Amino acid sequence: MSERVVANYLDSFLTTEAVQKQKAWPRVQCCGTSRSLYCCECYSLLVPESEWPKSANRLPFNLHIILHDRRNAATGLHAKVLNENLVVAEDSNIHNAVQVFDLERLDPLPTNYSKGTYLLFPSDDSVPLESVRHQVKTLVVLDCKWTRSSSRQDPRLVRLPRVHLTHPPAKSYYWRWHSAGPNCLSTMEAIYEAANEVQPPTSDADRLTWLWLFGLQRAATGGISQEQKLRQQALRKQNGTEKQLRDKKRGKASSEQHKKDLESGKETKQARKPQWMLALEKTSADES
């Protein structure tokens with residue numbers, strides 16, 4: 001599917017009429033707090049049902065999302081929400097077709113991935129996804145900041161064969177700025193592109209629904225443009241805004257306190273490891 005088709009679809013959420021309609025949707029109490037669009041805890045779709053797309057076709061693979069980010073910022077959860085609410089159930093396993101494993105919450109990962117499972121992560125040893133598209137049964141994706149992609153080093157994932165998008169689009173429509181370079185997409189954009197490479201859609205509308213929540217959330221942020229992203233990048237190269245300066249000051253104070261705690265023995269280097277890594281080391285030690 002051409003990049004122009006995706007651009008036109010996502011831009012349709014930014015029209016004055018679409019934005020005003022979205023602003024009129026009420027926030028909903030769900031899982032103990034007020035939310036809009038969807039709930040990142042129970043995966044309920046909170047958009048008025050009259051505004052839902054008719055349905056979404058099932059993804060051409062089972063999807064495992066390894067979450068290592070804030071839930072309300074993780075676009076990969078869009079796939080879980082849409083699978084739970086818009087995909088027509090063909091069998092009793094439809095709700096297991098998309099699974100989320102939250103490393104911060106110590107969700108257990110599958111211990112033995114079966115043949116046909118691939119990790120979507122570009123690296124020196126990854127192969128083009130299209131070259132193995134007929135073999136893909138389960139696709140594992142990381143939903144984390146590019147600067148926190150250390151989760152790929154989890155021993156349960158490191159053994160998986162890796163793939164990368166064969167034809168990644170040059171432009172991302174994600175509203176969150178990063179410095180990882182071109183062809184770097186948000187998790188939901190990558191899932192969408194991967195689905196198209198494994199099983200090309202029969203029509204433009206066949207799979208665009210998987211970007212529906214992405215388009216709504218992008219519109220809610222004001223549809224940040226490439227020029228605005230570049231301004232954000234330039235700003236970070238300077239001293240920073242007042243908020244950034246405050247954050248730097250707090251970070252420096254926290255770092256100095258942490259150094260004192262280490263020197264006084266109040267905190268060990270072991271405690272600096274992520275919780276999922278500590279839990280994994282404990283499990284390995286118990287098994288031995």
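Reader: To begin, is Phe 214 buried or exposed?
Author: Phe 214 is buried, with a relative accessible area of 0%. Please bear in mind that this is a predicted model.

Reader: How many aromatic pairs are there?
Author: The count comes to four aromatic pairs. One of them joins Tyr 9 and Phe 13 in an edge-to-face arrangement, 5.2 Å centre to centre with 85° between the planes. Phe 13 is itself buried, at a relative accessible area of 10%.

Reader: And what is the geometry between Tyr 174 and Phe 214?
Author: Tyr 174 and Phe 214 form a tilted pair, with 6.4 Å from centre to centre and 35° between the planes. Tyr 174 lies in the loop between β8 (162-164) and α5, whereas Phe 214 belongs to helix α7, so the pair ties together parts that are 40 residues apart in sequence.

Reader: Is Tyr 174 buried or exposed?
Author: Tyr 174 counts as buried, at 11% relative accessibility.

Reader: Which residues make up the cluster linked by ring pairs?
Author: Ring pairs link Tyr 174, Trp 175 and Phe 214 into a cluster.

Reader: Turning to helices, how far does α5 reach?
Author: Helix α5 covers residues 187-198, twelve in number, and reaches 16 Å from its first C-alpha to its last. That is close to the 16 Å expected at 1.5 Å a residue.

Reader: How many residues of α5 are buried?
Author: Twelve of the twelve residues are buried, so α5 is largely enclosed by the rest of the structure. The buried residues include Glu 189, Glu 193 and Glu 197, as well as Ile 191 and Val 198.

Reader: A change of topic: where is Thr 209 found?
Author: Thr 209 is in the loop between α6 (205-208) and α7 (212-220). Thr 209 is buried, with a relative accessible area of 12%.

Reader: What does Thr 209 touch?
Author: Leaving aside residues up to four places away in sequence, Thr 209 touches Tyr 9, Pro 53, Ser 55, Ala 56, Leu 82 and Leu 86.

Reader: Finally, how many disulfides does the count come to?
Author: The count comes to zero disulfides.

Methods:
Residues are numbered from 1 along each chain as its sequence is written. This is a predicted model: local features need pLDDT of at least 70, side-chain atom pairs count only at pLDDT 80 or more; totals for chains, interfaces and linings use all residues. Side-chain values use heavy atoms; hydrogens and water are left out. Helices (H or I, at least four residues) and strands (E, at least two) are DSSP runs, numbered from the N terminus. The expected span of a helix is 1.5 Å times one less than its number of residues. Buried means under 20% relative accessible area, exposed over 50%, partly exposed in between (1.4 Å probe, protein chains only). Contact means heavy atoms within 4.5 Å. Rings of Phe, Tyr and Trp (its six-membered ring) pair if their centres lie within 6.5 Å; planes under 30 degrees apart count as stacked, over 60 as edge-to-face and the rest as tilted. A disulfide is a pair of cysteine sulfur atoms within 2.5 Å.
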